[in-house]
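Please open the model in your viewer and keep the selection tool at hand. The tour goes from one selection to the next and says what is there.

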Amino acid sequence: MPVQMETTTVPRFTETSPTGGEIQRPADARYRDIEVEVPAGDFDTTATRLLDLCRTAVVGDTVHLTGPEEELLRAAALLRENGFDDDEISLTCTTPGSPFSRPGARRVNCCHCRTVFTSEVVVGDQVTCPGCGRGLVVYHHFSRRTASYLAYMPEEES
Ligand SMILES: [Zn+2]
């Protein structure tokens, strides 16, 4: 297909969601700071809402999620699966005493000794397992069951 001006411009944003609702986006908006409250015990509704949001998201959009720990982490995982980077997502955890009231904290699951611990890391970082002392690399694989990132020693990969 030959290059045409119509197809080389920035794609237009969808005006309506597949569920029929209007997606509100000012015509002159460059990017958005989106506040999403994640209710407890109703993740299906949250997921639908977030997927709608992902369909109109552009680079530079940021999402601030607020909610209880479990739903909050599942919501953040869903956004990451759909193209958001860690630094485009901020979390406010409403569960008292949760490690996720610290914005940079992630749960990490050591594949060697199954210790799950909380650390201020991003995917790709190295971290020492407090359970077995191995030097781990945090991988992108997020387990919803344990709400944690898998980490293992790269030397044992092969
Ligand atoms: Zn370990």
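Two residues are in contact if their C-beta atoms, placed from the backbone, lie within 7 Å. This is a predicted model, in which local features need pLDDT of at least 70, side-chain atom pairs count only at pLDDT 80 or more, and totals for chains, interfaces and linings use all residues. Residues are numbered from 1 along each chain as its sequence is written.

Next select helix H2 (residues 43-55) and helix H3 (residues 69-81), which pack at an angle of about 30 degrees with their axes 10 Å apart; axes are lines fitted to C-alpha atoms, for helices over the stretch in contact, and angles run from 0 to 180 degrees between N-to-C directions. Now show Phe-43, Thr-46, Ala-47, Leu-50 and Cys-54 in H2, which meet Glu-71, Arg-74, Ala-75, Leu-78 and Leu-79 in H3.

Move on to the open sheet, where five strands follow the order E5-E4-E8-E7-E6 with mixed pairing; two strands pair if DSSP finds at least two bridges between them. At its edges are strand E5 (116-119) and strand E6 (126-128), each of which pairs on one side only.

Finally, select strand E4 (residues 106-110) together with E5: the two run antiparallel and are joined by four bridges. Within this pair, look for Arg-107, which stands opposite Thr-118 in E5.
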